[in-house]
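I opened my notebook beside the structure today. I wanted to look up a few things and write each one down.

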Amino acid sequence: MKRIITISREFGAAGGTIGYALAQKLGYEYFDKELILKAARASHMDPESVMRWDEKVSFNFGFAQSLFDFYNKPLSEKLYLVQEKVIREIGEKGNCVIVGRNANTILKEYENSLHVFIHANPYWRMEHMKAKMPDASAAKISEEMHAIDKARKKYCAYYTNTDFGVADYYDICLDSSSLGIDACINILYELSK
């Protein structure tokens, strides 16, 4: 039986770390930002420009613009459509862990899927990110946490009409600050078997 695991996460809650370790433990393929680059290559977009629009909503997208005119859409709109196609292709193959990119909503109708949200308290997230970004100040990390979570919420609402981090849209929500990274990996591993 092929399985799909999607992981949405707050910035600094170790969702990527958990997802990667889980994929390794299960022998599954792991996808995160490489999805964007794959989508960029598939649609002949400039990868640098694509990375700037990762999980962001275009500020210039207006209602006067045709929703069906792919070639005149802003880069963020084009990217989302291509990325959605790539995520569906990965989902068809199965045995994968996909972090971010609204994969939980894109693949919600797929059987044998597990949709996860990883969150943590702000202090734990700050400490986790300090270890990953030792040269960044606490103020800079805090600013990044706030900005990225806000962008993810906006991105999720804009493209999926759902609420980022709301339990209704996931099968399980785990608090990595209470449980610890290893326990989160083990819980998800047991659920995936």
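Against which elements do the buried residues of α1 pack?

**Entry: ground rules.** I am looking at a predicted model, where local features need pLDDT of at least 70, side-chain atom pairs count only at pLDDT 80 or more, and totals for chains, interfaces and linings use all residues. Residues are numbered from 1 along each chain as its sequence is written, and side-chain values use heavy atoms, with hydrogens and water left out.

**Entry: the chain.** I looked up the elements and found nine helices and five strands in the protein chain. Helices (H or I, at least four residues) and strands (E, at least two) are DSSP runs, numbered from the N terminus. Their order from the N terminus is β-α-β-α-α-α-β-α-β-α-α-β-α-α. Next I checked burial. Of the 193 residues in the protein chain, 47% are buried. Buried means under 20% relative accessible area, with a 1.4 Å probe and protein chains only. I also looked at contacts (heavy atoms within 4.5 Å). Among those between residues at least 6 apart in sequence, 70% join residues at least 24 apart.

**Entry: strand β1.** I moved to residues 4–9, which form β1. Six of its six residues are buried. Ile4, Thr6 and Ser8 point one way from β1. Ile5, Ile7 and Arg9 point the other way. Then I looked for partners; two strands pair if DSSP finds at least two bridges between them. β1 pairs with β3 (residues 96–99) in the parallel sense over four bridges. There, Ile4 stands opposite Cys96. β1 also pairs with β4 (residues 113–119), again in the parallel sense, over six bridges. Here Thr6 stands opposite His115.

**Entry: helix α1.** I checked the length of α1 (residues 15–26). Its twelve residues should span 16 Å at 1.5 Å a residue, and the end C-alpha atoms are 16 Å apart, which agrees. The expected span is 1.5 Å times one less than the number of residues. I listed the buried residues of α1: Gly15, Ile18, Gly19, Leu22, Ala23 and Leu26. They cover an arc of only 130 degrees around the axis, so they lie on the same side of α1. The arc is that of the directions from the helix axis to the C-beta atoms. An α-helix has 3.6 residues a turn, so residues three or four places apart point the same way.

**Entry: back to my question.** The buried residues of α1 pack against β1, β2 (29–31), β3, β4, α8 (176–179) and α9 (181–192). Last, I noted that Gly27 follows α1 and has a positive phi, near 75 degrees.

Technical notes:
Buried means under 20% relative accessible area, exposed over 50%, partly exposed in between (1.4 Å probe, protein chains only).
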